[in-house]
Amino acid sequence: MLEVQVSGSLRTAVSGAASIKVEAATIRELMNYLIAHYPAMQSRIDEGVAVSINGNIFRDNWSETIPEDAEVFLMPRLAGG
Amino acid sequence: MAEAFDTSYTDQEFKVIGSRERRPDGLDKVTGRARYGADATAPGQLVGLILRSPHAHAKIKKIDTSKAEKLPGVKAVLTSADLPDLTNGNRGNFDILENCMARDRALYDGHAVAAVAAIDMETAKQALKLIKVTYKKLPHVTDVDEAMKDGAPIVHPHIKAADDQSKSTNLVNASTFGHGDTEAGFEQADFIVEESFKTEQTHQGYIEPHACLATVGADGQGELWVTTQGHFTFRSVCADLLGMDIAKLKVTSSEIGGGFGGKTHVWIEPVALALSRKTNLPVKMTMTRDEVFRATGPTASTSMDIKIGATKDGRITAATAHIRYQDGAFPGIWGMLGAMTAFACYDLENVQAVGYDVLVNRPKVAAYRAPSAPMAAFGVESCMDLMAEKVGMTPVDFRLKNAAKEGTKASYGPTYGPIGIGATLEAVKNHPHMRARLGKNQGRGMACGFWFNFGGQTCVDLNISTDGTVNLTVGTVDVGGARASMGMIAAEELGIPYEDIKVTVGDTNSLGHNDTTEGSRGTFSSGMATIFAARNAVEELRARAAQTWDIPLEDVGWEDGQAMPLGVKHNNLHPLSLKEIAKASPRTGGPIAGHNEVVADGAGVSFASHICDVEVDPETGSTKILRYTVVQDAGKAINPDYVEGQMQGAAAQGIGWALNEEYIYGADGRLENPGFLDYRIPVCSDLPMIDTQILEIPNPNHPYGIRGVGETSIVPPLAAIASAVSNAVGVRMTHTPMSPPRILKAVNEAKT
Amino acid sequence: MSGVHVSTTVNGDAVEFVCPPGETLLDVLRNRLGLIGAKEGCGTGDCGACSVTVDDQLVCSCLVLGAEVEGRAVGTVEGLSTNGELHPLQQQFIDNAALQCGICTPGFLVAAKALLDHNPSPSEEEIRYALAGNLCRCTGYDKIVRAVGSAAKDLAKEAKKSSKKKAK
């Protein structure tokens, strides 16, 4: 069971929760879980989200595995210049 | 495919990597042969030109194009009526569409309102004059703080206040990051520093204006030649906006004359394509420098309040930041990014950063090299210096005491893995620059900076010709010389000379999607894909050797560009070189290739520390940079020449931002300095040699340990120079650019 | 449209063209003569990307009319290399990584050559001030200045060699 920290601006999509418990072994499973349990997340995911796993930020590779006990953050998608 | 190849750091010894090879496109660029956005022509091409709003905010009541249409030589006139909304509720795409061509309102001085395509420039210019736009001027707002006040003119009425859905607002979002209890933290502090800062708007300032050549046929298929940081992204966006099939729009990236984030978005391209579609002729469109300043994507201007509390032994107990970013006329994430980066360099128990995204009647803000980080760093790093002074520590030691390290919970949330900020600070502390003597009116400053590095979708094709030379086709645009690094990586993996490899950037027909060159991802991503494509090719080369020798594949190794038979039983066999295997390839199975699609991700973060010495003329307020040193962690410098170049170039942009560059708006909301004369970027005589020190702390998420390098060094200069100037004149500077009038004003005000 | 007929030399070759009286030399070079090396960065003489020489004098071609070069000698970046051999400036720019995106490079090469033609051994300060009319946004100028300094040394060596040959 993962504890996913939800970054400030995304909290409105998960009923204001700062962290949620999720069963997921990959980023894809995490996203599927979020969409199934929080329909408001769909539009936020479409706009772009990123996931930090143990300090490394993943924007695109949804096959990335999430180790058990990993520190996971859900954030808006970032970009550079 | 990507899963078969491990992205973790391999700690190998290199033969080619780390040397200073000559770039393959160098010859074309020094002889004038290289072709940039404006250097393409097509038979029968028309000239496209855009009519722009002279008002900061106005309702567009009517556009009468009849006279323009009748002018001989005019082939098409276009307004938003020719650009129907096909975005299907996607607000982001709709904002892009509206920014490319105003719909019912002009939202900033320079906003496109109509366009023409004509047989030559003279006719096009005349046609623009014949278009009659009836405007109703509306109140405008260009200042970020003014835009947040009650009663400010509203830029987008559909954006409602978070706490009152019936009220329209310019405050798009307030993003909060942090942890702990800052109130309690400030209680524990022996010293408090509290200060407000402002930074004015700047532009990426690339020397090449936007330009493209668009050709759409009667069958709806199209071609676009364009200067861009991401031709695949441009393809998707243009196809979406115009209702074209993505695969049927071929986009070719020209050489790019600078981007720095400003060429990651479309500006004139959808309009050029739409004009070509309307006329069924090629349309060439170039922007004037005036248009580049008024109607592309500068970075934000900001206003911020920073507060830090620390104990007398120099430990920070609490830190807060409220930073207001203007996004221009359309919502963006700039405030959010600023809040995330503000305290990222430090290990803080109690921290809160709030970033505000605010709309104003200015052009739509785009990314500019480590977007939003330089401004936040300006405020935070300046306060760090003020606190160091109170506590009685040197700026470097105070930062070392509070620097983030592995295991620190970052102010933006996640816990850091191994990071380089401590190393860059130690390098600065021990650098000879810190011991150089300072004279009268001279001051020294130092600062740190943080930026994320990103990965992204990347595709690479490697093909081996029968003479053993290799074509490497990459899809990620080369903005500064990465082609050389890609060739070096392929040479390293294949074990053949660098000169045997030809690297090209492929068009969108040649490869799968490649993300834009942003987020310092170019060498990191393309490098990773190249490594795997080369390893792919090596597997095939070994297979051909195995076939030729008629031995099992496991008995074939690859070393120094040769297939080696392994094991005593194959002692009679001589190694086969890549050249020999390639020559035989027609008979052994055909062309030998390696291919890789990878989503390079988990790139890690990047830190830099800078030192700057200045001399300020007390009479004129003019600042001279005496000495500048950049220390940055590159993970692994594939080609040190070009890593140094990124560090020096980013520092130079930061110097301009700190001392001279700003957008000056009049009371009428019009931009008063849209040209290089009055928007003053650093020239050759303004700068000294810029010293660089590359640290190499390997990135565990890349086979060679590569970290992104392009952006981070634009983050420290604003604060490093502000501290240097403040030390030179004895007054803390809080407003960039620190142009001569601002410095004199601050000094005079301090005297009274 | 009434055109002006112009006879001139470009990079040593005799050239003729017809252009409107108001057309700039930059547009003539790029659109009529196919010499795309000179670039329009600003159109107002502030960036130097369009640098060419007219009778060995450095000018911004966006500020010169096509008609003005009647009977004069125009020099562009395309004329720097001779018989396929790069000019020392071009070679040093490549060797010193003095270019990143390369858009300003033609202008810098023309300006640097104009400097070295008049001042064969400039100091760092003289190089910096001579090139102050050419904007570069990528490099911070450090490697450009080094390249010009090295090219000056190369040219001095070449001059010594050929004067020794002459003496023999």
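1. Let's start where chains B and C meet. Between chain C and chain B there are 25 residue pairs in polar contact, both residues at pLDDT 80 or more. A polar contact here is a pair of N or O atoms within 3.5 Å; within protein, one must be able to donate a hydrogen and the other to accept it, and residues adjacent in sequence count only if both atoms are side-chain atoms. On the chain C side that touches chain B, α2 (88–95), α3 (105–118), α4 (124–130) and α5 (142–167) of chain C each supply at least two residues. Helices (H or I, at least four residues) and strands (E, at least two) are DSSP runs, numbered from the N terminus.

2. A word on what you are looking at. This is a predicted model, in which local features need pLDDT of at least 70 and side-chain atom pairs count only at pLDDT 80 or more, while totals for chains, interfaces and linings use all residues. Residues are numbered from 1 along each chain as its sequence is written, chains are lettered from A and ligands numbered from 1 in the order in which they are written, and side-chain values use heavy atoms, with hydrogens and water left out.

3. Back to chains B and C. Here 41 residues of chain C are in contact with 52 residues of chain B, contact meaning heavy atoms within 4.5 Å. The size of an interface is often given as the accessible area lost when the parts come together. For chain C and chain B the buried area is about 3900 Å², with 59% of it on carbon and sulfur atoms. Gln100(C), Arg128(C) and Arg137(C) supply 21% of the area that chain C buries against chain B, more than any other three residues. Buried area is the accessible area (1.4 Å probe) that two parts lose on being put together, summed over both.

4. Five salt bridges are found across the interface of chain C and chain B; a salt bridge is a side-chain nitrogen of Lys or Arg within 4 Å of a carboxyl oxygen of Asp or Glu. One to find on screen joins Glu661(B) and Arg137(C), at 2.8 Å from N to O.

5. Now turn to chains B and A. In this pair, 37 residues of chain B are in contact with 22 residues of chain A, and the two chains bury about 2100 Å² between them, 57% of it on carbon and sulfur atoms. Within chain B, Pro414(B), Phe454(B) and Asp601(B) lose the most area to chain A, together 24% of what that side buries. Between chain B and chain A there is one salt bridge. Arg59(A) forms a salt bridge with Glu518(B), their closest N and O atoms being 3.0 Å apart. Four residue pairs are in polar contact between chain B and chain A (both at pLDDT 80 or more). The elements of chain B giving two or more residues to the side that touches chain A are β9 (171–179), α10 (334–341), β18 (442–452) and β19 (456–464); α10(B) gives the most, with three residues.

6. How do the chains fit together overall? Of the two pairs of chains in contact, chains B and C share the most contacts. No contact joins chain A and chain C, and their closest C-alpha atoms lie 14 Å apart.

7. Chain A holds an open sheet of five strands in the order β2-β1-β5-β3-β4, with mixed pairing. Two strands pair if DSSP finds at least two bridges between them. The edge strands are β2 (19–22) and β4 (56–58) of chain A, each pairing on one side only. Strand β3 (residues 49–53) of chain A runs antiparallel to β4(A), joined by three bridges, and Val51(A) stands opposite Phe58(A) in β4(A).

8. In chain C, look at strand β3 (residues 51–54), which is covered on both faces: Ser51(C) and Thr53(C) on one side and Val52(C) and Val54(C) on the other are all buried. Buried means under 20% relative accessible area, exposed over 50%, partly exposed in between (1.4 Å probe, protein chains only). β3(C) pairs antiparallel with strand β4 (residues 57–60) of chain C over four bridges, Val54(C) having Gln57(C) as its bridge partner. Two bridges also join β3(C) to strand β5 (residues 73–75) of chain C, again antiparallel.

9. Finally, is Asp25(B) buried or exposed? Asp25(B) counts as buried because its relative accessibility is 4%. Leaving aside its neighbours within four places in sequence, Asp25(B) is in contact with Glu255(B), Asp478(B) and Arg483(B).
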